[in-house]
Amino acid sequence: MTIWLNHTMKTVYWYNELAAERIYATRCSLPSLIAHRKSANRRYSCAATLFCPQVDRAVNVLQPEYLSVDLTVASNMDKVLKAFKNARVGSHHFSGSTGYGHTDAGGREALDAAFAEIVGAESAIVRSQFFSGTHAIACALYGVLRPGGELLAVAGKPYDTLEEVIGLRGTPGHGSLKEYGISYRELELAKCGGIDWDALACAVKPETQCALLQRSCGYSWRNTLTIDEIERAQNIIKAQNPNCVVFVDNCYGEFVELKEPTAVGVDLMAGSLIKNPGGTIVPCGGYVAGKEALVKAAAARLAAPGLGIEVGSTSGEVMRLLFQGLFLSPQMVGEAIKGSLLVAEVMAGEGFKVQPHPRIKRYDIIQAVEMGTPELLVAFCRAVQKRCPVGSYIKPTAGATAGYGSKVIFADGTFIDGSTSELSCDGPLREPYVVFCQGGTHWTHWALVLGDVLEALKAL
């Protein structure tokens, strides 16, 4: 049992890690509160009438982890508030613009400045004109790579949607990096599922122009990279070739830890605004952040050389959501992490392999569950879809999806199309038939979903 006393508010906060209960007693003495708890001497069930027994037990067990997540949320929220204050964010920044965007009232500059400060970067470009995270990543890669150079993937195979960008597959003539004379090489993961540090120590060549670190697991059964590992990798890379640009695909990792890759020396990173930094409400867009010269190079790929970052119109409604979504991001990411912890706890308890394992610190918002058969994978996704706020009547079916090498099944009844900061799951129909769960505006949504998932799996 842990007790905090807020002297300013004269409020006692009682927290029981096992019973999942917090009591707020205004102007209550500590002795009387402790006596109350001794007299209670019972285990509390959390919403037992709504959650199935497996979920109810998991919620009770996970309270220490949930508190730890809340503390991270508070720290990241503090960074956001300070950055907004320093950028002097005001309502006039939400006015938007049309045409070339020359009449923007400072919203672009304020948003870029706030974002750069939050992630510890020299510069950032945060724009609704990025179609997706893959688009933002591609702009960054095309901005820093030149013919004759090499792209080195440090953490194994990259996410499926980057394969056509690199030139590993896709339609000839569409301008992949390979067609521009840029070679590609990747380092296999170590047996432990992380970076092969011995291989990396001698992997960077003089022609290696860019080293790609994919922070999240993507569609791989591997550990997510921690900020400490990213910092270690960039130091090893720079020791071999100081001119090599260290680039991080930061999708699904924003606000999960207390620092971002650019805060520990990474040259450049990119991600999507319909994932973590959009706070579940940004309708579209992406970002690139890092060294100023490299951010400008990526911006030239988004627009055209010479246009810079001072152009591009955004409606007032979208501009407001870009700011508001960024403000909400730490909280929404925290809820997504709690949801992933709950999925791991419940599904592991049912005998399924999970990655990450239950009750361990999270480094992205994704929770993988190995279903083992296509039938179980499909049943899981369909049960999730039934509990989505949008399209709950839809029966998900695996099919070909642009950018993916295998048929994929999606459960994503989200308000923003394709949003993975909202509760969703998906998985490629290939062995070992893993479902990847992510997002959620509150952990209780996953708690409700999991009851239906267990019933669906039991029915097979």
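Student: How far is the sulfur of C244 from the closest cysteine sulfur?
Tutor: This is a predicted model, in which local features need pLDDT of at least 70 and side-chain atom pairs count only at pLDDT 80 or more, whereas totals for chains, interfaces and linings use all residues. Residues are numbered from 1 along each chain as its sequence is written, and side-chain values use heavy atoms, with hydrogens and water left out. A disulfide is taken as a pair of cysteine sulfur atoms within 2.5 Å, and a search of the whole structure finds zero of them. The closest cysteine sulfur to that of C244 belongs to C210, and it is too far for a bond, at 6.2 Å.

Student: Is C244 buried or exposed?
Tutor: Relative accessible area, computed with a 1.4 Å probe on protein chains only, decides this: under 20% is buried, over 50% exposed, and in between partly exposed. C202, at 63%, counts as exposed. Because the relative accessibility of C244 is 0%, C244 counts as buried.

Student: Which strands are the edges of the open sheet of five strands?
Tutor: Strands (DSSP runs of E, at least two residues, numbered from the N terminus) pair if DSSP finds at least two bridges between them. The order is β11-β12-β15-β14-β13, with antiparallel pairing. Pairing on one side only marks the edge strands, β11 (353-355) and β13 (408-411).

Student: How many bridges join β11 to β12?
Tutor: Strand β12 covers residues 367-370 and runs antiparallel to β11. Within this pairing, K353 stands opposite E370 of β12. The number of bridges joining the two strands is three.

Note on methods
Helices (H or I, at least four residues) and strands (E, at least two) are DSSP runs, numbered from the N terminus.
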